[in-house]
Amino acid sequence: MDLIPGLNDDVARDCLVRVMYNQFSSVISVCKSWRDELELPEFFRLRRDSCKSQKLIVMAQARVDQNSGSNSSLFKLRFNPVYRLTVLEPDTGDWCDLPPVPGFSDGLPMFCQVVGVGSELVVLGGLDPDTWEVSDSVYVFNFVSATWRRGADMPGLRRSFFGCASDLDRMVYVAGGHDSEKNALGSVLAYDVENNEWVPLPDMAKERDECKAIFQGGKLHVIGGYCTEMQGRFETSAEVFDVATFKWNDVQEDLLLAATCPRTCVSSDDVLYICHLGDVMALKGATWQAVAKLPVDVYNVAYVATWQGNLLVIGSESFGEPYVAYVLDLKSYSWRKIESPKEYSGHVQSSCYLEI
């Protein structure tokens with residue numbers, strides 16, 4: 001049976017790959033053949049190869065009352081923000097909300113992590129916004145069906161403030177963090193989203209609370225963090241886990257420019273970037289170099305992401321001010337501001353990049 005009557009399947013696929021991601025759930029309801037087509041991994045490869053895929057930044061972002069006054073003090077008075085999932089398309093500047101996670105319609109767990117895996121979004125852990133109890137929950141959002149499903153809970157000790165990254169294909173990695181007694185952890189887990197299974201990895205050489213995890217080149221990089229005794233005094237070192245050999249490499253000392261929180265550390269084309277004291281810094285060889293000044297209204301950086309030669313920064317001018325977004329071209333080092341409607345100007349706790 002033809003995908004579209006009267007057209008050969010290649011032409012029909014060329015039509016289907018042009019569908020916007022937020023229309024997928026409607027398309028798959030038309031007929032079984034369209035559902036089967038959109039659920040194939042080859043469909044998304046064809047979208048990317050034909051430059052029809054959409055770039056998305058998904059954020060755990062604080063709600064902002066659209067009807068409130070313009071005075072910035074309204075932001076400063078929100079001591080207990082309620083977070084929901086928002087989506088930014090950096091190419092178009094369009095913003096929208098995702099459907100709420102089941103059981104969390106009144107707000108996401110505080111400090112939960114969000115990561116993209118293929119055409120799915122994974123939300124892990126966090127703290128109950130009412131009781132502050134640590135959650136080990138895992139939820140997966142499928143962008144094709146626009147539905148949520150419950151994943152297997154994170155095994156072992158309940159952890160928070162862990163590093164989290166994905167290979168963008170099927171695996172999510174959880175590294176370090178701390179337990180309910182504030183003991184820093186050196187253990188690492190891998191979650192196979194497709195098979196809904198958790199696998200323990202060998203422990204790191206060091207405990208790493210509040211570390212940053214980055215996956216690139218088939219390797220998991222765990223950067224910074226601190227051990228139990230240091231309590232907030234960050235390491236400058238990093239460790240690298242080679243998935244192919246299933247082993248950790250030697251600890252790389254003094255990777256970071258300074259002993260500071262590594263949350264803004266990201267990579268693009270095997271180059272590390274970090275926001276530091278008003279600059280975007282790049283690690284070139286063994287030396288950190290300033291490549292661009294941060295715009296003044298994102299000096300207080302909340303989140304950084306990279307994709308295809310671009311670097312996104314979301315932040316505010318100072319604590320309590322509305323959050324805005326800028327994109328830096330990593331070739332020309334020129335900035336482009338993305339307009340943020342008031343309802344999407346809240347604080348960002350965690351975020352991830354997906355290409356759908």
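Guide: Let us begin with contacts, where contact means heavy atoms within 4.5 Å. Leaving aside residues up to four places away in sequence, Asn142 touches Ser119, Glu120 and Thr147. Please note that this is a predicted model, in which local features need pLDDT of at least 70, side-chain atom pairs count only at pLDDT 80 or more, and totals for chains, interfaces and linings use all residues. Residues are numbered from 1 along each chain as its sequence is written, and side-chain values use heavy atoms, with hydrogens and water left out.

Visitor: In which strand does Asn142 lie?

Guide: Helices (H or I, at least four residues) and strands (E, at least two) are DSSP runs, numbered from the N terminus. Asn142 belongs to strand β6, which covers residues 138-142.

Visitor: Is Asn142 buried or exposed?

Guide: A residue is buried under 20% relative accessible area, exposed over 50%, and partly exposed in between (1.4 Å probe, protein chains only). Asn142 has 18% relative accessibility and therefore counts as buried. In space, its C-alpha lies 9.6 Å from that of Ser25, although 117 residues separate Asn142 and Ser25 in sequence.

Visitor: Where is Asp128 found?

Guide: Asp128 is placed in the loop between β5 (120-124) and β6. Its relative accessible area is 27%, so Asp128 is partly exposed. Asp128 and Pro109 are 19 residues apart along the chain, with 5.0 Å between their C-alpha atoms.

Visitor: Which loop holds Cys51, and why does Cys51 count as exposed?

Guide: Cys51 sits in the loop between α4 (41-49) and β1 (55-62). Cys51 counts as exposed because its relative accessibility is 69%. The C-alpha atoms of Cys51 and Val17 are 9.5 Å apart, while 34 residues separate the two along the chain.

Visitor: Which value does phi take at Asp254, and which at Gln308?

Guide: For Asp254, phi is near 55 degrees, a positive value in a residue other than glycine. Asp254 is in the loop between β15 (247-248) and β16 (266-268), and with a relative accessible area of 62% it is exposed. For Gln308, also a residue other than glycine, phi is positive and near 40 degrees. Gln308 occupies the loop between β20 (300-307) and β21 (310-316), and counts as exposed at 55% relative accessibility.

Visitor: How many helices and strands does the protein chain have?

Guide: The protein chain has five helices and 24 strands. Its radius of gyration is 21 Å, close to the 21 Å that the globule rule gives for 356 residues, so the protein chain is as compact as a globular protein of that length. Here the radius is taken over C-alpha atoms, and the globule rule is 2.2 Å times the number of residues to the power 0.38. Buried residues account for 53% of the 356 residues.

Visitor: What does pLDDT average over the protein chain?

Guide: pLDDT is the predictor's confidence in each residue, from 0 to 100. The protein chain averages 91, and 96% of the residues score at least 70. Over residues 70-77, however, the pLDDT is below 50, and this stretch has 12 contacts in the model beyond near neighbours in sequence. Where pLDDT is low, the predicted coordinates should not be read in detail.
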